[in-house]
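Hello,

Here is the structure you are taking over. Please open it first, then read the notes below.

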Amino acid sequence: MRWFSVMTLLACLGCSANGQDISLPQPVKTGGMPLLDALSKRASCREFSVRKPDLQTLSNLLWAACGINREDGRRTVPSALNMQETSVYVMLETGVYRYDETKNLLILVHAGDHRRLTGSQEYTHAVPVTLFFVADLDMLKISNPAEEHKMAYANASAGFIGQNVYLFAAANGMAAVFRASIDREELAKCFRLSPSQRVLYAQSVGYPEAR
């Protein structure tokens with residue numbers, strides 16, 4: 001049954017089960033719902049269906065989250081002095097991946113289903129996509145090097161990314177919830193992070209449960 005569920009997800013996402021990176025299709029960067037309409041629909045949702053997004057939707061979602069939107073490499077979200085210290089890690093049923101916005105690629109970090117680490121709430125363990133926002137404090141070259149000051153910048157960056165995800169979800173009939181109740185120490189081990197990296201927040205993304 002477990003193998004069947006993994007294969008079902010892979011078929012939906014258009015990738016293979018050989019534990020490799022996932023090449024994403026080019027994101028769609030035009031059209032969509034007007035901004036004020038998306039703001040009107042933005043909400044947190046904690047009831048998710050089993051429906052999984054296809055690969056194109058996943059690509060569009062990640063580009064909206066923190067993709068490159070200018071030729072000079074700047075992103076859809078701001079960061080202090082364009083230091084881009086915060087990355088998005090993606091947890092799927094097939095594994096944990098790091099989103100490489102320059103190559104539009106999901107780089108495999110840890111194969112296998114690790115969704116038990118998505119959060120303390122039981123519902124999070126079955127959500128098809130969970131995003132994690134991870135900051136590398138060594139990339140923050142600021143005048144005050146104290147960790148608390150660096151974390152202030154990193155938390156702001158994560159908030160910007162989370163709001164972009166919320167608006168994308170609202171505009172595409174999807175469900176999302178931004179979460180802080182996570183086991184950061186265990187996630188850091190699973191993500192194989194360096195000592196300078198910090199797991200900040202999680203955001204569950206999928207489709208709402210039909211009522």
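With which residue does D113 form a salt bridge? The partner is R115, and the closest N and O atoms are 3.0 Å apart. A salt bridge here means a side-chain nitrogen of Lys or Arg within 4 Å of a carboxyl oxygen of Asp or Glu.

Some ground rules. This is a predicted model: local features need pLDDT of at least 70, side-chain atom pairs count only at pLDDT 80 or more, and totals for chains, interfaces and linings use all residues. Residues are numbered from 1 along each chain as its sequence is written, and side-chain values use heavy atoms, with hydrogens and water left out.

Now the salt bridges. The count comes to five. Among them is R75 with E101, at 2.9 Å from N to O. This pair links distant parts of the chain, 26 residues apart. R75 and E101 are both buried (under 20% relative accessible area; exposed is over 50%, partly exposed in between; 1.4 Å probe, protein chains only).

Back to the opening pair. R115 is buried, because its relative accessible area is 11%. D113 stands at 22%, so it counts as partly exposed.

K189 and E186 also meet in a salt bridge, 3.5 Å from N to O. K189 is exposed at 53% relative accessibility. E186 is partly exposed at 30%.

Nine of its 10 residues are buried, so β7 is largely enclosed by the rest of the structure.

Best wishes

Terms used. Helices (H or I, at least four residues) and strands (E, at least two) are DSSP runs, numbered from the N terminus.
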